Structure formats: structure tokens, C-alpha cells
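I'd like to walk you through a few helices, so let's get the picture up.

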Amino acid sequence: MNVRAFFRATKVETAQPPYDTITLKLYYPAILSDSAEERNSGVVPANEALAPFPIVIIMPGINVGPEAYHWLAMALAEKGLAVVTYSWIAEEMPGYISLTPGVDLTAVSPQTYGTKPTSSAIQPILNELHATHHALRTKSPLEGKLDLDMIILGGHSAGGTMALQNANPEWFPQIKGCFSYAGHTMASTFLGYAAGTILPVSDKVPHLILGGNKDGVIEASAHRYELKEASPTLALERTFDEAIATGQDDKYLVILEGANHFSCVYPVDESTGRPFLDHPTTQPDEQIRQQIITLITFFIQGYVQNDPKMKIVFKQNLNSGNPLIAKSESK
């Protein structure tokens, strides 16, 4: 399948210049028409046979550029989804300017958590998707072709945490599911929480929590939570056990054998972020990435789009003695 993308920008009304702009890249299934406009502009029509497209928003890790998730966006778009990656440079903590998934520090304190979204990026992105679908500012190959009521939040690292915390239909009723890689909801004592506190999330939509048992970044961050022992997976496991109150066989934890913190990133940019804390992978990186996209795709098709056959395929992938699955749980 052909996949194309185009760019948009949106303002964050609550942010101050110059840190008030999010730039988006929108991937979509396309079909080459060989028209004059296509040849002159490079704008390729969407594949109308697959429309309207469910939408995946990929929320990045801190200081991880959107190009690191290009492989994931391409793979998801090949399955008939529209996918958004984005870049937002902000100064969320005084003196620290970084690429961010959009963390609203006013929403994550013990006094405010659960009262409003913890990410300032989601609503502006939803606004731009609305404008794109309805061609409010400029024409678009996705005009009339997005399913604005079928949105999946995905994320990596801090972006995974944002996806988990904000997949809440009370805030965003159009969000119908979420997945995370190396994301958890253990709260830093720096914010005023007791050691090892796990923050709850909404249990109203399907969740897929992914991670690796060679995650050196989570392991090296144990001091943030004043844990007595460092672990690459404990924060993920406790998030699944404690943050999600109930499930209807639509909540999953999957720990990948030999995967590390940046296994969902390709290529890894060693010049920024914290990859220097990570452990080496012990399984082939390409096979790990293929397993990640397989699980995410089957999860979305089965549990978000409610395809019974894909639910069976998803479970078979976990229960077939797969050497890349170190641990899986459901509820």
C-alpha cells in the first residue's frame, strides 16, 4: 500500500511564544492517480476505499524527535490508519527546553491529578484534525476522510505515560483506546507524592501496555520514585496491576524479551535524550520492532475496532510460545 504524509501546524493557546506551536505530520493510506496536480505538487489522494480512517496519535518521549516514530507511523498507515506524529519544543520546567509530548505540570500534582488532562498537546491536535477533515483553513487530501470519533492515543516513554493518563472519555470522548511503550504512571516524589505511588487512569477504553525486560532507562530512574530496588519492568507491572481498576478482557500488559527502552524507536538518536542509560537489546532489533507493530495492529483491530477474529489472532500471538514474549497478562 502507498503511504503519503503532509504537514500542519497548530497553536497552543495556553502556551507562551515562542513555545506555543506544535508541528504535525499526518500519514495516510494513499493511491497514486498520476494527475497533473499530483505531479506538480506532490500531493497524492487518499485511498477512498479505506476511508474513513481511524486515527492514531503518537506521543513522543522527551527529546525524541518525531522522525524516530516514522517506521511505526508508516507501518500503521499501511494497515489503513491515519497517523499523527508531532514536534513541540517547550520549557515545561524552568531552564529546561526540550521536545515534549506536552506535559501539563499544573495537572500532575497530588492536588490536581485527575481533575483535567495532563497533556496540553492533545486538544490542539484534535482541533487541527477537525480543521483538516473539514478543510477549514486549506484543502487537504484527508478532507472528509477521517474518522474523528475513532482516535487511538499511543506513546513512548513520557509520551506513553501521557497516552495512558489521557485516554479518558470524560475528557476526550473521541478517544477509543490507547497503547504505550515504556510508559507507566508511577509518580515522582519531586511532585510531592509518596514513594512508589501509582497514579490511576481511566478504565473505560482498551489499554495495551508494552515494555522490555532490558529497559535501562526505567531501571536507572528508580531514584525518582524512591524505590529500594531498581527494576526495568516493575513500574509497568504495577501500572497494569494498580492504575487500571477493572477490565473486560481488553487491558493487556506485554513485556518483550530482550527489548529495551528505545526498542520502539528507529533509528535511535544518540545525541539527545537518555539512550546512554539503556541496556543493550538481546534479541534482534528488527524482530522486536516487528513484534511491536504486530501487537499494536492486532490490538487496535481487535479491541478498539472490535473485530472478534483479530482478538483471537492477538491472543494467539501471546500464547504461541513466542520467544519474544517474556510476560503477558490481561484483565
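**A few helices, up close**

Let's start just after α3, where Ala-135 takes a positive phi of about 50°. Keep in mind that this is a predicted model.

Now back up into α3 itself, residues 122-133. The buried set is Ile-122, Pro-124, Ile-125, Leu-126, Glu-128, Leu-129, Ala-131, Thr-132 and His-133.

Okay, on to α2, residues 70-77. This one is mostly covered too, with six of its eight residues buried: Trp-71, Leu-72, Ala-73, Ala-75, Leu-76 and Ala-77. What covers those buried residues of α2? The cover includes strands β1, β2, β3 and β4, along with helix α7.

So let's look at that helix pair. α7 is residues 285-304, and α2 packs with it at an angle of about 45°, the axes being 11 Å apart. The two are therefore oblique to each other, and α2 passes α7 in a right-handed crossing.

Who's touching whom? From α2 you have Trp-71, Leu-72, Ala-75 and Leu-76, and they meet Arg-289, Ile-292, Ile-293, Ile-296, Thr-297 and Ile-300 in α7. By class, that contact has eight nonpolar residues, one polar and one charged.

Note on methods: Residues are numbered from 1 along each chain as its sequence is written. This is a predicted model: local features need pLDDT of at least 70, side-chain atom pairs count only at pLDDT 80 or more; totals for chains, interfaces and linings use all residues. Side-chain values use heavy atoms; hydrogens and water are left out. Axes are lines fitted to C-alpha atoms, for helices over the stretch in contact, and angles run from 0 to 180 degrees between N-to-C directions. Helices (H or I, at least four residues) and strands (E, at least two) are DSSP runs, numbered from the N terminus. Angles under 35 degrees count as roughly parallel, over 145 as roughly antiparallel, 65 to 115 as roughly perpendicular and the rest as oblique. A crossing is left-handed if the near helix is turned anticlockwise from the far one by less than a right angle, and right-handed if clockwise. Contact means heavy atoms within 4.5 Å. Ala, Val, Leu, Ile, Met, Phe, Trp, Tyr, Cys and Pro count as nonpolar, Asp, Glu, Lys and Arg as charged, and the others, Gly among them, as polar. The expected span of a helix is 1.5 Å times one less than its number of residues. Buried means under 20% relative accessible area, exposed over 50%, partly exposed in between (1.4 Å probe, protein chains only).
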